[in-house]
Amino acid sequence: MSIKLFIPAIVALLFGFGLGCIPTLNRHLHWNICYVVPVSGLLFGLLTGGGQFRICYHLNVKVGSWEIAMLAAAALFGFIAMDYGIYTVSTVIVSNTKNLQDGAYRIKDLMTFIEYMRWALSGSTIGTPIGEPAGLNTFKLGATGTTISYIADIAGVLTGALIAMLSLPQLFPYCDRCGRFTKREQRFEMFIINIENLADKIIADIKDLINKGVPENVLACCEQLAEQYHVKNGNVKITVDHRICPQCKGISIVGTVHRLTNRDWHEDRKLRFFMNSQPQPAQIQPSV
Ligand SMILES: [Zn+2]
């Protein structure tokens, strides 16, 4: 496992902590629907996982099973670091206690982080330094802060991070031979009105060519199809990403298919297609 992997892991921790330190965001960071649908956790996982993959891409660190497990764990710790950020900036109103005067206190001055988490998970009300009245805005973490909803948050973070890190490596192929991510060479787009399953026939034709194993033929076909099918009101979009390894010049082709539903494009992941081809050793150019 590459030592470089610690960079996206640390960035995930800093990202979480930084989010937690923004008081105006605090009330949105544990947003669950019906206590158990972890909207914030899922978004945090998707953002963190996507960001971590992007860093790996720029560092040319392959994202395999072990790396995904480590980065998903880092995303989870990033989420806990977010709570640590909330803990460091949040305030609480104290009244009618023996040892303290009534007033607003920073939580970190009153208890440890572990104590704070126990307290928050019990459904306590906490405040942030921004808002009213008197510069305080209290919000009920307990609305989503029960233990069950926190577990749902964690599940959301892991799910989001895994979705990002399992799907992105498919779209950005890695050349194992050279230890580098492929770079985009060109991109073809086809917009098709899907009458009589025209799009399915086109996809089948492309896959037939892929099975014959000559990437240049696949690319020539896709270029021709992109010129032929560019209907503005098409309801199926086929995108073909032609990528090459910067070192060995091996070709990768990634095809995605989107359907137009209610004015939005949605990918039909079952229809993705791929091709990888590395040149023979004699064809490999020395890297500059
Ligand atoms: Zn290569």
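**A walk through the predicted model**

Of this protein's 288 residues, 32% count as buried. A residue is buried if 20 or more other C-beta atoms lie within 10 Å of its own, exposed if 12 or fewer, and partly exposed in between, with C-beta atoms placed from the backbone. This is a predicted model: local features need pLDDT of at least 70, side-chain atom pairs count only at pLDDT 80 or more, and totals for chains, interfaces and linings use all residues. Residues are numbered from 1 along each chain as its sequence is written.

The protein has seven helices and 13 strands. Both are DSSP runs numbered from the N terminus: helices are H or I with at least four residues, strands are E with at least two.

Now look inside. A nonpolar core is a set of buried Ala, Val, Leu, Ile, Met, Phe, Trp, Tyr and Cys residues joined through C-beta atoms within 7 Å. The largest one holds 30 residues, and Ala75, Ala161 and Met165 touch the most other members. Two or more residues come from each of α1 (6-20), α2 (39-59), α3 (65-89), α4 (113-121) and α5 (147-171). The largest share, 10 residues, comes from α3. A second, separate core has 18 residues, including Phe188, Met190, Val218 and Ile238.

Contacts also span the sequence. Two residues are in contact if their C-beta atoms, placed from the backbone, lie within 7 Å. Among contacts between residues at least 6 apart in sequence, 72% join residues at least 24 apart.

Finally, find Arg269. It sits in the loop between β12 (264-267) and β13 (273-277). Arg269 counts as exposed because it has 10 C-beta neighbours inside 10 Å.
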